[in-house]
Amino acid sequence: MIPYLARLLDITMNNGTLPGDWKKETVIPIHKGGDRSLVTNYRPVSLTSVVCKQMEHVKTSYLRQVWNKSDWLYEGQHGFSSGYSCESQVITVGQDIADSLDNGDRIDAIIIDFSKAFDLVLHGRLLTKIANSEVDCRVVVWIRKFLLGRTQRVRVGEHLSEEVRATSGVPQGSVLGLLLFLAYVNDISMNIESIIRLFADDCVIYRKMIKKEDIEKLQKDLDRLGE
């Protein structure tokens with residue numbers, strides 16, 4: 001299969017087109033907990049083309065290589081990065097808090113959960129960020145074709161909903177989707193003076209409270225984060 005897959009990848013790269021079947025998703029709702037009658041208690045996971053996932057592995061490997069070489073990804077992002085994990089985020093934050101307490105300093109922290117983070121990624125803004133990260137323009141075109149024109153339908157048991165067009169977001173359950181989300185939130189620390197640590201879309205922002213002005217600065221950082 002390898003020669004055929006390599007040929008297929010070469011065609012999609014140089015022609016800037018993807019087969020329509022690669023952009024069709026079947027969404028499976030996974031129960032997270034709580035009342036099963038509430039839609040908000042389910043996580044949408046997309047089943048996508050297996051062949052396309054092989055191509056996504058190639059693109060993911062390339063993007064990581066380019067971004068690691070240029071240190072483009074935000075160092076405070078612990079999600080889906082080599083050498084980082086949920087545990088490394090907790091340890092880092094815990095150590096910062098412990099150091100502050102040892103010095104007799106007060107520290108204020110706000111934990112933020114972005115609602116529907118993966119579903120609300122704006123494609124145009126994401127593609128602009130990737131294009132400005134020293135990535136080969138052909139890869140940017142491939143990702144654009146990968147994102148635009150996607151359709152999805154929901155499967156519950158043996159029942160399928162009608163197909164609808166996905167106008168935003170990155171597919172959860174895909175290989176490339178997680179890395180694309182990291183690229184989308186990569187500039188989250190810009191113009192922020194406080195410390196931000198992330199694990200994908202889980203965010204904690206904190207700051208030592210030494211002077212009264214530190215309270216105002218933390219609030220300004222929260223306002224900027226909202227913007």
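Analyst: Here are a few terms, each set against its cut-off. This is a predicted model, where local features need pLDDT of at least 70, side-chain atom pairs count only at pLDDT 80 or more, and totals for chains, interfaces and linings use all residues. Residues are numbered from 1 along each chain as its sequence is written, and side-chain values use heavy atoms, leaving out hydrogens and water.

User: Why is R150 called buried?

Analyst: Its relative accessible area is 2%, and buried means under 20%, exposed over 50% and partly exposed in between, with a 1.4 Å probe and protein chains only. R150 therefore counts as buried.

User: What joins the side chains of R150 and E25?

Analyst: A polar contact of 2.6 Å. The term needs a pair of N or O atoms within 3.5 Å; within protein, one must be able to donate a hydrogen and the other to accept it, and residues adjacent in sequence count only if both atoms are side-chain atoms.

User: How are α4 and α5 oriented to each other?

Analyst: Their axes cross at roughly 165° and come within 10 Å. Axes are lines fitted to C-alpha atoms, for helices over the stretch in contact, and angles run from 0 to 180 degrees between N-to-C directions. Angles under 35 degrees count as roughly parallel, over 145 as roughly antiparallel, 65 to 115 as roughly perpendicular and the rest as oblique, so α4 and α5 are roughly antiparallel.

User: Which residues of α4 and α5 meet?

Analyst: H123, L126, L127, I130 and A131 in α4 meet V140, I143, R144 and L147 in α5, where contact means heavy atoms within 4.5 Å.

Key:
Helices (H or I, at least four residues) and strands (E, at least two) are DSSP runs, numbered from the N terminus.
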